[in-house]
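Thanks, everyone. Please bring it up on your screens.

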Amino acid sequence: MTTEPLLTEPLLSVRGLEKHFPVTAGLLKRQVGAVRAVDGVSFDVVKGETLGLVGESGCGKTTTGRLITRLIEPTGGKIAFEGEDVTHMSQGRMRPLRRDIQMIFQDPYSSLNPRHTVGAIVGAPFRIQGIKTEHGVKKAVQEILELVGLNPEHYNRYPHEFSGGQRQRIGIARTLALKPKLIIADEPVSALDVSIQAQVVNLLEDLQNELDLTYVVIAHDLSVVRHISDRVAVMYLGKIVEMADRKDLYETPMHPYTNALLSAVPIPDPKRRTDRERIRLQGDVPSPLNPPPACRFHTRCWKAQEICRTVEPPLTALAPGHQVACHFPENFAGNPSGNAPSAPADGQEKEPGTASPVS
Amino acid sequence: MTAPLDVSGDEQHAAPEAVSQGAGAKAIQGRSLGQIAWTRLKRDKVAMGGAGVVVFLILAAVFAPVVVGWFGHPPNEFHQEMIDTLTMQPKGGTGISADFLFGVEPVNGRDLFSRVVYGARISLLVAFLATLLSVVIGSIMGVVAGYFGGWVDALISRLMDVFLAFPLLVFALSLVGVLGQFETQLAIKGDTLRILLLVFIIGFFNWPYIGRIIRGQTLSLREREFVDAARSIGARGPYILFREILPNLIAPILIYATLLIPSNVLFEAALSFLGVGIQPPTATWGGMLAAAVKYYTVPHFMFFPGMAIFITVLAFNLFGDGLRDALDPRSSR
């Protein structure tokens, strides 16, 4: 699906996207700095694929998602949807486009208005966008409810009468109402019980096949991302450090940070657990208020050299479709410093992660 | 931030959950948060008792002429035949009888029962109108400050501080003095003018209390994901404000309105006591208390209007507390 991403026009194209949240102080609200939540992110998403966006808390994944859906205003960079620049499009001109770009929210408890019935919630997109439905809004809503595996009879019930998984299905039903082309799923399952996560992930996959959807799935759970994604982008402190096809990324991760992340995925088999060396990163993620210069990972990287502190490694394709931003990538033939502690390189020990999304 | 409004009172929880598990064999009727709050309120005996007294008081006030017609005499009718001309006190100490349920006033012998009933009219009317004024101003200011934030919020918040720091009692006393000078030139006069004045003083200076609460609630609601969800499907500002946020504010507005009423009853009584309120001969509870101070030898004169204030305030507070527990179960206890 993604073998020739450059030949087809990408559905979504993001270039050098930036979002800096100003930090103000004092009576006059003088700007004293900025949280560089997203700091130069570029990627393409082609029609029908699923791009997974992973990274730890605070790395800017969610901000990226909210920038693409234009819930917040980008500071810099460019977002193009179907070739059209939507970066700074006014809310009025954006409105018709919102049918095509929809978002699934993280918290199924906070994303549904407790005062509205399911019918009102799922029907709101029709009303707001003024869409005429053939047999009335109610019928259309009930069809969508059925599509996401909910009882259409539940039309008149309130969100508090549903479980977390059911509520997330209601949220998904709302995003589907407008028949979008692109869905940004912001941690779609992280608030759910593990037993429910698989159901919702499978629902998302079924819907993709059925409705020809394109996903950007934001998650911190590597197993979920592995299960659902075609390509995966790893973010660290507002930047993409590695982006590759799922298989390449999980089997031959090149960036040290990706290696560290993958080594932290639990193996549900105590016998094989000892086969793998767990890479423990030292310290915390540095503050995005004052990110480290050059390579942002150098403060925690065991391979860091002088060049990592002075020259920022560009995101370059080291293998076909495999982009890495690192001076000393692993699993790379031309690696100048091949003496790296070879962490989980072979990939066979990460096999269990494919079985099901287990966090 | 999980499930801030996920009401799951133990009792109600079992039934709807069980239905949702099944394939919906029987007709599924969703229960709104309002309906759940109502069932919860109905179980609260104390709150329902308070509500009963409140309803009783309102009916008595509205139908005061009828009630007084049955059980008493017109409120401003003198009954000097009931007064001992030597001591100017009611004959037999209080004058309580089947004819005069609460006895009579000293000196003029007016029927205390009918004066208390008519006093309820003024008290409740002023308290309700003043509360309405506070709630309307406070809600609008609070929602606007909380939703728009930024300099709008800063401006409104400072305005609230100014209002809260205002020396209200001094202002009220001087306003009445000034108005008294010009009363003959005004279009509205007498009791109507005084009632409007009381409503203005009490209502217009109390809005920051409710305004702050609503502002805080709006601030937290604005950050909820359903607001983002509405924006991501292209909802405009007014839609988000009125359809998404406002329905969630009805509960706090109701609760604080109910709790504001008794404090306004007290405030009205205090102002009438000080002579700022309705002028005699119109009966008010505060005015009666003020008059009764001079006649401490006839304690029933002070007892009945005092009890009326006490019962009204207590009933509204009990009802308001119950309402809060029913509408917002997390805040209770």
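Let's begin with what a database says about chain B. An unreviewed UniProt entry lists the label "transmembrane region" for residues 46-72, 122-150, 162-182, 194-214, 253-278 and 298-320 of chain B. Keep in mind that what you see is a predicted model.

How does the model look over those listed stretches? Take two of them. Over residues 122-150 of chain B, the chain is 97% helix and 0% strand. The end C-alpha atoms of that stretch are 41 Å apart. Now residues 253-278 of chain B. Here the chain is 81% helix, again with 0% strand. From end to end, the C-alpha atoms are 29 Å apart.

How many helices and strands does chain B have? There are 12 helices and zero strands. So much for the count; now the burial. Chain B has 333 residues, and 43% of them count as buried. Then the contacts. Take those in chain B with a separation of 6 or more: 73% come from residues 24 or more positions apart.

Let's zoom in on one helix pair. Helix α5 of chain B covers residues 112-148, and helix α6 of chain B covers residues 150-165. Their axes come within 7 Å and cross at roughly 145°. The crossing of α5(B) and α6(B) is left-handed. Which residues meet there? From α5(B), we have M141(B), V144(B), A145(B) and F148(B). From α6(B), they meet G150(B), V152(B), D153(B), I156(B) and S157(B). By type, the residues of this contact divide into six nonpolar, two polar and one charged.

On to chain A. Its secondary structure comes to 12 helices and 12 strands. Chain A has 359 residues, and 48% of them count as buried. Among its contacts between residues at least 6 apart in sequence, 66% join residues at least 24 apart.

Look at one sheet in chain A. Four strands form an open sheet, and the order is β2-β1-β4-β5. The pairing is antiparallel. Which strands sit at the edges? They are β2 (30-45) and β5 (84-85) of chain A, and each pairs on one side only.

β1(A) and β2(A) pair in the antiparallel sense over 12 bridges. In that pairing, H20(A) stands opposite R36(A) in β2(A). The hairpin of β1(A) and β2(A) has four residues between the strands. There, G26(A) takes a positive phi near 80°.

Next pair. Strand β1 (residues 12-25) and strand β4 (residues 76-81) of chain A are antiparallel too, over five bridges. S13(A) stands opposite A80(A) in β4(A). Helix α1 of chain A, residues 61-68, packs on the sheet. It touches β1, β2 and β4 of chain A, and its direction makes about 110° with that of β1(A).

Where is it found? D193(A) is in the loop between β7 (182-186) and α6 (194-211) of chain A.

Conventions: Residues are numbered from 1 along each chain as its sequence is written. Chains are lettered from A and ligands numbered from 1 in the order in which they are written. This is a predicted model: local features need pLDDT of at least 70, side-chain atom pairs count only at pLDDT 80 or more; totals for chains, interfaces and linings use all residues. Helices (H or I, at least four residues) and strands (E, at least two) are DSSP runs, numbered from the N terminus. A residue is buried if 20 or more other C-beta atoms lie within 10 Å of its own, exposed if 12 or fewer, and partly exposed in between; C-beta atoms are placed from the backbone. Two residues are in contact if their C-beta atoms, placed from the backbone, lie within 7 Å. Two strands pair if DSSP finds at least two bridges between them. Axes are lines fitted to C-alpha atoms, for helices over the stretch in contact, and angles run from 0 to 180 degrees between N-to-C directions. A crossing is left-handed if the near helix is turned anticlockwise from the far one by less than a right angle, and right-handed if clockwise. Ala, Val, Leu, Ile, Met, Phe, Trp, Tyr, Cys and Pro count as nonpolar, Asp, Glu, Lys and Arg as charged, and the others, Gly among them, as polar. UniProt positions are given in the numbering used here, feature names are shortened, and annotations may be inferred rather than shown by experiment.
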